Number of protein chains: 2
Amino acid sequence: MGGNVERKVRVAEVTLRCVLCGLGTLAAALVATDKQTRTFFTMQKTAAFTDVRALVVLVAANAVAAGYSLLQAARCLFFFGSSVGLRSSRAIAWCVFSGDQALAYVALGAAAAALQASVVSKRGLPAFQWMEVCGLYGAFCRKAGGGIACAVAGVLAAVALAFISAFNLFRLYGKKKNGGATTW
Amino acid sequence: MGGNVERKVRVAEVTLRCVLCGLGTLAAALVATDKQTRTFFTMQKTAAFTDVRALVVLVAANAVAAGYSLLQAARCLFFFGSSVGLRSSRAIAWCVFSGDQALAYVALGAAAAALQASVVSKRGLPAFQWMEVCGLYGAFCRKAGGGIACAVAGVLAAVALAFISAFNLFRLYGKKKNGGATTW
């Protein structure tokens with residue numbers, strides 16, 4: 001594998017980690033500030049993200065994803081130029097691989113749950129007499145939708161990162177024995 | 001890595017694939033046959049899994065997981081004794097790795113969405129005036145809960161398989177160069 005490919009993988013990794021950090025922060029911020037109060041006749045009703053458990057989980061998961069990605073991006077940039085150091089340690093590669101896998105699973109689970117909640121909020125569930133709430137709380141739903149869209153985009157980045165960290169781990173096992181001339 | 005460890009990994013892989021096949025089938029069967037009719041005064045009301053989109057997705061995902069696991073288990077058993085053949089092909093290992101990863105993500109997403117739906121069904125969501133339905137449709141909820149529990153257990157098996165197939169892929173890269181004396 002040429003140094004050119006290796007450099008591209010590193011650039012892709014750092015870029016994806018920065019993108020994931022940005023998307024996670026944006027998703028958490030959008031959902032965590034999501035609140036709408038409406039007056040029906042004389043009653044004031046408020047919809048807040050804390051009412052929906054799936055949105056609370058989404059905020060927590062995305063905040064964790066953003067923090068983790070920031071730390072990982074810093075690690076990547078710190079060791080960007082070096083071909084030795086922490087990059088060549090199998091233990092570290094295993095940790096990064098495990099962390100990235102866990103992050104991808106958690107981010108996906110949280111996004112799937114929030115997506116399910118948003119579909120029911122948008123369409124209602126007539127069999128259970130759950131009315132759709134986006135007609136009443138339009139602004140609330142739009143903001144939550146934006147947050148969920150960011151979270152879903154973040155999941156794609158997290159899955160791509162899980163593949164890259166797997167690739168980085170393979171490389172350590174494949175490369176050491178024949179001095180970098182691994183065929184793919 | 002000794003032949004003993006290798007054998008254990010193969011046995012674990014086949015076992016997990018059979019377990020996943022069983023759990024997927026059970027989850028899909030439990031949820032797909034879930035239906036309850038109740039009479040309120042003179043009105044007959046029916047709750048079926050088709051009313052809840054998340055349960056339809058769960059059935060589809062678990063049916064696919066069961067079918068895929070059955071085929072993979074057959075492949076594992078067919079090549080169980082052989083140390084060469086398809087097992088040593090990187091392309092096949094990559095396919096199995098990708099398939100297992102995709103399966104783990106799909107199974108997790110479907111289970112998370114169904115879990116979110118079941119929590120709202122169980123507790124209701126007062127802010128949106130969604131009443132809890134498990135008081136009305138107790139048998140429906142219990143059966144769906146059993147199906148979701150099987151699906152969650154299946155997700156654990158799918159994640160473990162994703163790790164094993166990653167391990168099998170690493171092994172091809174690490175082992176070829178020094179004849180099986182990879183240190184871990």
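**Close-up views of a predicted two-chain model**

**Figure 1. A salt bridge between B:Asp100 and B:Arg17 in the predicted model.** The closest N and O atoms of B:Asp100 and B:Arg17 lie 2.8 Å apart; a salt bridge is a side-chain nitrogen of Lys or Arg within 4 Å of a carboxyl oxygen of Asp or Glu. B:Asp100 belongs to helix H3 of chain B and B:Arg17 to helix H1 of chain B, so that distant parts of the chain, 83 residues apart, are linked. Helices (H or I, at least four residues) and strands (E, at least two) are DSSP runs, numbered from the N terminus. Both B:Asp100 and B:Arg17 are buried, where buried means under 20% relative accessible area, exposed over 50%, and partly exposed in between (1.4 Å probe, protein chains only). The model is predicted, and local features need pLDDT of at least 70, side-chain atom pairs count only at pLDDT 80 or more, and totals for chains, interfaces and linings use all residues. Residues are numbered from 1 along each chain as its sequence is written, chains are lettered from A and ligands numbered from 1 in the order in which they are written, and side-chain values use heavy atoms, with hydrogens and water left out.

**Figure 2. The salt bridge of B:Arg75 and B:Glu13.** Here the closest N and O atoms are 3.6 Å apart. Because B:Arg75 lies in helix H2 of chain B and B:Glu13 in helix H1 of chain B, the pair ties together parts that are 62 residues apart in sequence. B:Arg75 has a relative accessibility of 18% and therefore counts as buried; B:Glu13, with a relative accessible area of 2%, is buried.

**Figure 3. A network of salt bridges in chain A.** The network links A:Glu13, A:Arg17, A:Arg75 and A:Asp100. Within it, A:Arg17 and A:Glu13 form a salt bridge whose closest N and O atoms are 3.0 Å apart. These two residues are separated by about one helical turn, because they are four residues apart in helix H1 of chain A. A:Arg17 is buried at 1% relative accessibility, and A:Glu13 is buried at 2%.

**Figure 4. Surroundings of B:Ser69.** B:Ser69 is found in helix H2 (residues 53-78) of chain B and, at 0% relative accessibility, counts as buried. Its side chain reaches the backbone oxygen of B:Ala65 at 2.7 Å. Leaving aside residues up to four places away in sequence, B:Ser69 touches B:Arg17, B:Leu20, B:Cys21 and B:Leu103; contact means heavy atoms within 4.5 Å.

**Figure 5. The largest nonpolar core.** This core has 54 residues, and A:Leu55 and B:Leu55 have the most contacts inside it. A nonpolar core is a set of buried Ala, Val, Leu, Ile, Met, Phe, Trp, Tyr and Cys residues joined through side-chain atoms within 4.5 Å. Not counting residues up to four places away in sequence, A:Leu55 touches A:Val31, A:Phe49, A:Ala114, A:Phe140, A:Ala144 and A:Ile148. Apart from this core lies another, of 28 residues, among them A:Tyr105, A:Ala107, B:Ala65 and B:Ala104.

**Figure 6. The interface of chain A and chain B.** In this view, 43 residues of chain A are in contact with 43 residues of chain B. The area buried between the chains is about 4000 Å², of which carbon and sulfur atoms give 72%; buried area is the accessible area (1.4 Å probe) that two parts lose on being put together, summed over both. Between chain A and chain B the count of salt bridges is zero.

Conventions:
A polar contact is a pair of N or O atoms within 3.5 Å; within protein, one must be able to donate a hydrogen and the other to accept it, and residues adjacent in sequence count only if both atoms are side-chain atoms.
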